[in-house]
Amino acid sequence: MSLLLTVILFALIGAVVFSLIGLISGTDETAIMVPLTLLVILLGAPPAAVFAFFMAAVLAKHLTHAVPTALMGIPGDTTAVPLIDHATTLRRMGMPHIALRKMISGGVIGAFIALPTAVLLGGFLGQFADFFKASAGIIFTLAAILIAFFSKGKWVSILMILPFAFFIKSLNLISFSILDKNLAISFFLGIAIGPMFSDILIATSSSARRSIERDKAKEYHLAPETKSWKGYFPNPLKILTGRQKFFTSITAFISSLTFVFSPVGMTSLMGEIVGSRTKGTYKKSTTSLTVMNGVTESTYIAEALIPLIAFGIPLSPVALGPASPLFNAPPVYSVDPINNLHTYLTSWEFFLYGAIGLIVATLIAYPFSMNYARKASVIVMRLVSQEAIVAMFIGLACLLAFHEAQLVGIVLTFTVAAVGGLLNRILGMGAGVQFMVFYASSWLMMTIFGI
């Protein structure tokens, strides 16, 4: 099979799988992106196909995550949380379908603006790659402090950087003494599934369970489905007003340049800026939703692409979270020495294969969401168990950890998941901070303790 056909096939797989996953509310991007991307890499997919798979998955996930967000008022994933208020406003006005259309149309525009912007900026910053590579340890440490400062648990996250680094290094030394090799995938998986694993631990604790117990099941009310276009594939440019297209384009471009900041933070910031300049409840909510979902796409794409093209080391929240396997997936990819997609693909190839992934995802996820959102939501709510989804991804994490280090890998994964997940859920030390500390731990321990 030719490389181009392989790339299209993997993009198709990514688009279909993550279009379906996006319909399931509450799914965490890192927890689902990391195991499946690792699986694709370890199965031997060529670098171009891996990248197309990831790009298609990101766009498809963020298009269909709009369905539960707009129609049911529950966030499709973490990045959809800032959109809830405006989506709820439109749902109360009886127009959740309008919210959905605006959100996913803005997402498509944001994605296709972010791709060329990120490729160009990544090529420019590549001139400084040697400096970043030589200073990786201190850069990771400073970045961990910066990300921690802007996280939910600001000061406690900063205070926990050194203890968590000590914890990571200790586990690494123990596993090295048993296996005579350093592990990476098991650590990634542990941090990735930490939040969902901590929920399971809380549910099994007689003392902590009370905090999550509910007296009755939640009730959701779906509005009737309406359609204002002809044919199967609507034109996203016709769904949006001129003002919405303008604001989405500008904010997507700006947010693509700020690749070191949190996607959730940028989504909230851009939505508030645009919303404050828009009068009228309807116009404010629809415009804010359009812009915010566009920024969600642009930040995710830019934060994965720019560090990949410029440095080959993960220097953004997305690169440290969902996109981390593109940088480090031993024994296939590594960051020390740098041997990952940065090594194998040129800027032009990043653009080409990224465009293939985005186009395939748009052709699948966009018309699917526009035409079948309500029917798909009903099926998911009635037939798909949230517990089954959690079990599936934890099972996949076990499989990949066992592949790397047998029983040691599984125990290590769940040890990191337990500690990291509780730090995340209880203290607000996000996965991005934890991933950054993982990369900085060796430099920190060598600098402070000489080990």
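## A question-and-answer walk through a predicted model

Visitor: Where does S19 lie?
Guide: This is a predicted model, in which local features need pLDDT of at least 70, side-chain atom pairs count only at pLDDT 80 or more, and totals for chains, interfaces and linings use all residues. Residues are numbered from 1 along each chain as its sequence is written, and side-chain values use heavy atoms, with hydrogens and water left out. Helices here are DSSP runs of H or I with at least four residues, and strands are runs of E with at least two, numbered from the N terminus. By that rule, S19 lies in helix α1, residues 3-22.

Visitor: Is S19 buried or exposed?
Guide: Let's set the cut-offs: buried means under 20% relative accessible area, exposed means over 50%, and partly exposed is in between, using a 1.4 Å probe and protein chains only. S19 has a relative accessible area of 4%, so S19 is buried.

Visitor: Which residues does S19 touch, not counting those up to four places away in sequence?
Guide: Contact means heavy atoms within 4.5 Å. With residues up to four places away left out, S19 touches A60, T64, I364 and A365.

Visitor: How many helices and strands does the protein chain have?
Guide: The protein chain has 451 residues, and buried ones make up 58% of them. Its secondary structure comes to 21 helices and two strands.

Visitor: Which residues touch the most other members of the largest nonpolar core?
Guide: A nonpolar core is a set of buried Ala, Val, Leu, Ile, Met, Phe, Trp, Tyr and Cys residues joined through side-chain atoms within 4.5 Å. The largest one has 136 residues. The members touching the most others are F18, F51 and L305.

Visitor: What is L305 in contact with, leaving aside neighbours within four places in sequence?
Guide: Once those sequence neighbours are set aside, the list for L305 runs across several parts of the numbering: F51, M55, L115, A118, V119 and F350.

Visitor: At what angle do the axes of α10 and α21 cross?
Guide: Axes are lines fitted to C-alpha atoms, for helices over the stretch in contact, and angles run from 0 to 180 degrees between N-to-C directions. Under 35 degrees counts as roughly parallel, over 145 as roughly antiparallel, 65 to 115 as roughly perpendicular, and the rest as oblique. That is why α10 and α21 are called roughly perpendicular to each other. The axes of α10 (residues 161-179) and α21 (residues 431-449) come within 8 Å and cross at roughly 85°.

Visitor: How far apart are the C-alpha atoms of V156 and M429?
Guide: V156 lies in helix α9, residues 154-159, and counts as partly exposed at 28% relative accessibility. V156 and M429 are 273 residues apart along the chain, yet their C-alpha atoms are separated by 7.5 Å.

Visitor: What is the phi of D180?
Guide: D180 lies in the loop between α10 and α11 (185-204). D180 is exposed, with a relative accessible area of 62%. Although D180 is not a glycine, its phi is positive, at about 60°.

Visitor: And which helix holds Q406?
Guide: Q406 is another residue other than glycine with a positive phi, near 50°. At 41% relative accessibility, Q406 counts as partly exposed. Its helix, residues 386-427, is α20.

Visitor: Where is P331 found?
Guide: The peptide bond from P330 to P331 is cis, with omega near 0°. P331 itself is found in the loop between α17 (324-327) and β1 (334-335).
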